[in-house]
Amino acid sequence: MSQNSPLSVSPSRPAAGSAGRLIRKTAVELVVDELRDRILSGAIAPGSALRQELFAEELGVSRLPVREAIRQLSAEGLIDMIPHRGAYVSMLSRTEVQEFFDIRMRLEPWLLRVAVHQKDDGDLDRAAQVVAQMDEAAPEQWGRLNWQLHEFLYRSAQRPAALGMVRALHEKSERYFRFQIVNAPIRQQAHDEHTELIALARLGQPEKAEAALERHIAQAAEQILAIVDHLLDASASPQPA
């Protein structure tokens, strides 16, 4: 998307709160949602500069909510704040994605195999609850819930150092999971694969669970790498005047 292209904000739909109350989104929340959607869909290309004054004018708000929205999205890892230069959409790295998944492929199947040998039905029940939450999760919630699911699957292995390494990998990969959930029709696939992992763990079948997790990680890597390649190719293409 050209930096000067107008952004249209969809009319806010009041959300239902507790006791049936309607909660209207604030200006900051609307700007956060709009910018996040544009970044995750690739409408704003990786590396693009974000001019606060232009977005404020295009969205019909003051600079304050735009500034706060950029700050929030920077905390999410979607925007880089560069001193004396401004805000830029974070660059994507194919090499980084490949390395994250290579390490995950070596650590997580082993962790799951050990965990199944020492399975905790309570953790598996909680993992199943997270799967249900992921069915309806917004893109910004996907990575956090995905980690919770995997943590419940691995926790009974009682390998805290390895679990900490895997958690760090998931946290560093979170923004890539968001690109995946926005750009690929994976909800049903993820539901089915996660449900299979839980079922194999309940049945006490460590080898089958390990093999299923290897397939799950490999397929996620393939999907995310394809999306990153597409977005990087799009950002490298000449933009219309």
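Visitor: In what order do the elements of the chain run from the N terminus on?

Guide: The order is β-β-α-β-α-α-β-β-α-α-α-α-α-α, and the chain has nine helices and five strands. Helices (H or I, at least four residues) and strands (E, at least two) are DSSP runs, numbered from the N terminus. The model is a predicted one, in which local features need pLDDT of at least 70 and side-chain atom pairs count only at pLDDT 80 or more, while totals for chains, interfaces and linings use all residues. Residues are numbered from 1 along each chain as its sequence is written, and side-chain values use heavy atoms, with hydrogens and water left out.

Visitor: What makes helix 6 roughly parallel to helix 8?

Guide: The axes of helix 6 (residues 139-154) and helix 8 (residues 187-202) cross at roughly 15° and come within 11 Å. Axes are lines fitted to C-alpha atoms, for helices over the stretch in contact, and angles run from 0 to 180 degrees between N-to-C directions. Angles under 35 degrees count as roughly parallel, over 145 as roughly antiparallel, 65 to 115 as roughly perpendicular and the rest as oblique; therefore helix 6 is roughly parallel to helix 8.

Visitor: Why is helix 1 called oblique to helix 3?

Guide: Helix 1 (residues 27-41) and helix 3 (residues 63-75) pack at an angle of about 50°, with their axes 8 Å apart, and that angle makes helix 1 oblique to helix 3. By class, their contact (heavy atoms within 4.5 Å) has 11 nonpolar, one polar and two charged residues. Here Ala, Val, Leu, Ile, Met, Phe, Trp, Tyr, Cys and Pro count as nonpolar, Asp, Glu, Lys and Arg as charged, and the others, Gly among them, as polar.

Visitor: What makes helix 1 roughly perpendicular to helix 7?

Guide: Helix 1 and helix 7 (residues 160-183) pack at an angle of about 85°, with their axes 9 Å apart, and so helix 1 is roughly perpendicular to helix 7. The contact is made by Arg 36, Ile 39, Leu 40 and Ser 41 of helix 1 and by Arg 175, Arg 178, Phe 179, Val 182 and Asn 183 of helix 7, and these residues divide into four nonpolar, two polar and three charged.

Visitor: What share of the 241 residues in the chain is made up of buried residues?

Guide: Buried residues make up 41% of the 241 residues, where buried means under 20% relative accessible area, exposed over 50%, and partly exposed in between (1.4 Å probe, protein chains only).
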